[in-house]
Amino acid sequence: MEILLVIIIGLLYAAGIYMILRRSLVKLIIGLILLGNGANMLIFLLGRVVKGHPPIIGPTEKILADMYADPLPQALILTAIVISFGLQAFAIILVKMAYKVVKTDDLDEMNATDEDL
Amino acid sequence: MSNPYIVLPIIFQLFLAILLMFCWTQKNLQKLVSTVGSLIAVAIAVIMFAQVWKSGTLVTQAGNWGAPFGITFVADTFSVLMVLLTTLSGLAVSVFSVGAVRNARVKFGYFPILHFLIMGLCGAFLAGDIFNLYVWFEIIIISSFVLITIGGEKAQLEGSIKYVTMNLLASVVFLTAIAVLYGLTGSLNMADLSLKVAEIENRGLVNVTAILFLVGFGIKSAVFPLYFWLPASYHTPPPAISAIFGGLLTKVGIYALLRVFTLIFIPDAFMITLISIMAALTILSGGIGAMIQNNIRKIFSYLIICHIGFMLAGLGMYTELAILGTVFYLVHDIIVKTNLFMVSGLIFKIKGTYSLRLLGGFYKDYPKLSLLMAIPLFSLVGIPPLSGFWAKFYLIRGGLEVDNLVLVGFIILGSFLTLFIIARFWSEAFWKTGEELPKKLKVKYYHELKPLKQKAMVVSILFLAFISLGIGLGAEYVIQVASRVAEELMNPQSYIEAVLGKL
Amino acid sequence: MKTIIFQTASNYLLPLLLLFSVFILLRGHYLPGGGFVGGLIASIAFVIHSFANGLEKTRSIIKFHPGFLMPVGLVFAIGAGAAPWFVGQPFMTGLWFEDPIPVIGMVGSALFFDTGVFLVVIGVSLTIIFTISETL
């Protein structure tokens, strides 16, 4: 299970960075989304994957005696997902606006910020 | 010491933002609420600063969950100092916005978002939990995204695409670093991390994590190889927004670097060399970049980078004296950079251009305003007794203490570059004989504005100029504060004890 | 998508989904659910309605701009967060009424916070989706 996750995370990061390095705006956004997902999976992996041991204290017990899955990474991932949901929605609208105004989706042609006055 | 009210600066800004959202359509009411609210926020920050100064580090556990498990908020001297500076420049920008921000932008929710941004900044300074710090960073960047795009002009949108991309990338790197750190230690509380990271045997892994943090915060604070987004975007939004960005956003990165590298990762010889090299190159590239620019806001953007190098240099020397210099520089830089971007806004409102080639004759036409603008400009250079002098003095002394003469050389070089740039700026914009510029239809000029708006712009510049003068002339008191901050940073024992209780 | 089946179904789905979202909101304290999921379900209800009947019809049902829900929800959340201050507890501490209320169950400051989240999520997601679909 871990080795599979490691491969997936590696692929997500690699694909994300490759997409960011492309010149198209849409691919840039896709790259950022992939990178974000990779980071979320990394938190999941590094929080230790434990199968079939939910962190729930039974009605007869006082403490968790057995090993148990760490619930914190899921809370962290949920937070990160919600944040990236907002950021990505914003980024998509921004790209659309930029395309409308600049009339190109090629990052190499976006030079208005370097123009001399 | 526990004090449940230390989150008040954050909650108050949130409250202000909500209040402003309710009066979404009343522009004048929004301006009033924002100004009065910012004044109250300054008062809250002052009271908190006095409390922390008197009784030491204050802590609260959100939700009353005990220390390493819940979310901790910590107000030590450094945090409250930063909160105080944030609210001060927030007040200045809020007043400046009354005059400088167009009504169309106010209609799109400029003021609520501004207060969300300040809330995020206060939160980042008070957070005692590394993941919480990440969340505050996200709040800061998402509000800054909205602020930088409001208005939607061509250059603005292009600049914001670069800004958005690099900041999202920085967040991903930061998140990755947190994931690795959590995997290594199983904790997120910064005080707890400080103890746990020190125990890890595999120092190579710790260094890799530290470098991930360095890259993440490095992008945000615009250090040498990672700064390219800053000069591409900071000159595009309206000046009031540039002011708060230039004054505070990069400084949050420096704050986080200082916090992380004094509390969690105590840098070894390799990290110190790395940080020193980055600092030296940041000073050099920022200074040289500023020399060839003609847009005054781009000049200031490159100067931000140059002076971020000074602060990083203090961290690279890593002695109490050098950290004192960094903190002093931070205090001086936040006030001065905010003020400089507001100055550039005022120049634009009067002359209708940002270009150094076209500007000129400002001193002849507006002698009083020019003298006012001279205060932040020459504070930046560090002409004694103005505020920049003392900060550089302590940085250089710190460098001599550890015999890091190369870094001292770069700091002196950076100061000369700044002097050259500001001298050129002064002679081009203020002393050169100016020609009559053609009227632009889109720009609403200064003399066409209502007197209240004119006063708002001048008063906010005056306010920050007075603070810089105060920092320079009352340097003794600032040094007291900065030396206490440096002492607390270099001896994190009191921070850890305040959070986790006596060990 | 102006098919008669979808339109008729969406008219019945809207109240059902809204009711379900409130159920999910109230269920959330001990069982899976909560304000965020509930808010998403409620906004999906409106989104389905707008797909079937057009944006204008949905807007006329809601009557006010969905963005207005954001500050209202934030007021709930900030109120629930700051309430413990008045009894000298740290920010966000959970306070509970002693006796359960019929149907709803135990009521505490967490429920108000979750209601705030519920409203903010509806406000934010409807604003985003309406804005995107308007400019398409």
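In chain C, 68% of the contacts with a separation of 6 or more join residues 24 or more positions apart. Two residues are in contact if their C-beta atoms, placed from the backbone, lie within 7 Å. This is a predicted model: local features need pLDDT of at least 70, side-chain atom pairs count only at pLDDT 80 or more, and totals for chains, interfaces and linings use all residues. Residues are numbered from 1 along each chain as its sequence is written, while chains are lettered from A and ligands numbered from 1 in the order in which they are written.

Stay with chain C. Its secondary structure comes to five helices and zero strands. Helices (H or I, at least four residues) and strands (E, at least two) are DSSP runs, numbered from the N terminus. The order in chain C is α-α-α-α-α from the N terminus on. Along the principal axes, the C-alpha atoms of chain C fill a box of roughly 55 × 30 × 20 Å. Chain C has 136 residues, and 35% of them count as buried. Buried means that 20 or more other C-beta atoms lie within 10 Å of the residue's own; exposed means 12 or fewer, partly exposed in between, with C-beta atoms placed from the backbone.

Now the backbone. Most residues other than glycine have a negative phi, and most peptide bonds are trans. K63(C) has a positive phi, near 75 degrees. K63(C) sits in the loop between α3 (55-62) and α4 (69-82) of chain C. With 6 other C-beta atoms within 10 Å, K63(C) is exposed.

N64(B) is not a glycine, yet its phi is positive, about 60 degrees. The loop between β1 (58-62) and β2 (71-75) of chain B holds N64(B). N64(B) has 15 C-beta neighbours inside 10 Å and counts as partly exposed. Elsewhere in chain B, the peptide bond from P384(B) to P385(B) is cis, with omega near 5 degrees. P385(B) lies in the loop between α16 (367-381) and α17 (387-401) of chain B.

Next, a helix of chain B. Helix α20 (residues 475-490) has 16 residues and reaches 22 Å from its first C-alpha to its last, close to the 22 Å expected at 1.5 Å a residue. That expected span is 1.5 Å times one less than the number of residues. The buried residues of α20(B) include V478(B), V481(B), V485(B), E488(B) and L489(B). They fall within an arc of 165 degrees seen down the axis, so the buried residues line one face of the helix. The arc is that of the directions from the helix axis to the C-beta atoms. On the other side of α20(B), E476(B), Y477(B) and Q480(B) are exposed. Among the packing partners of the buried residues are α3 (77-100), α14 (320-351) and α19 (451-473) of chain B.

Finally, the interfaces. Between chains B and C, 13 residues from chain B meet 13 residues from chain C. On the chain B side, α1 (8-22) and β1 each supply at least two residues. α1(B) gives the most, with six residues. By class, this side has nine nonpolar, four polar and no charged residues. Ala, Val, Leu, Ile, Met, Phe, Trp, Tyr, Cys and Pro count as nonpolar, Asp, Glu, Lys and Arg as charged, and the others, Gly among them, as polar.

The contact between chains B and A takes 32 residues from chain B and 27 residues from chain A. On the side of chain B, α6 (130-149), α7 (154-185) and α10 (229-233) give two or more residues each. α7(B) gives the most, with 17 residues. This side divides into 16 nonpolar, 13 polar and three charged residues.
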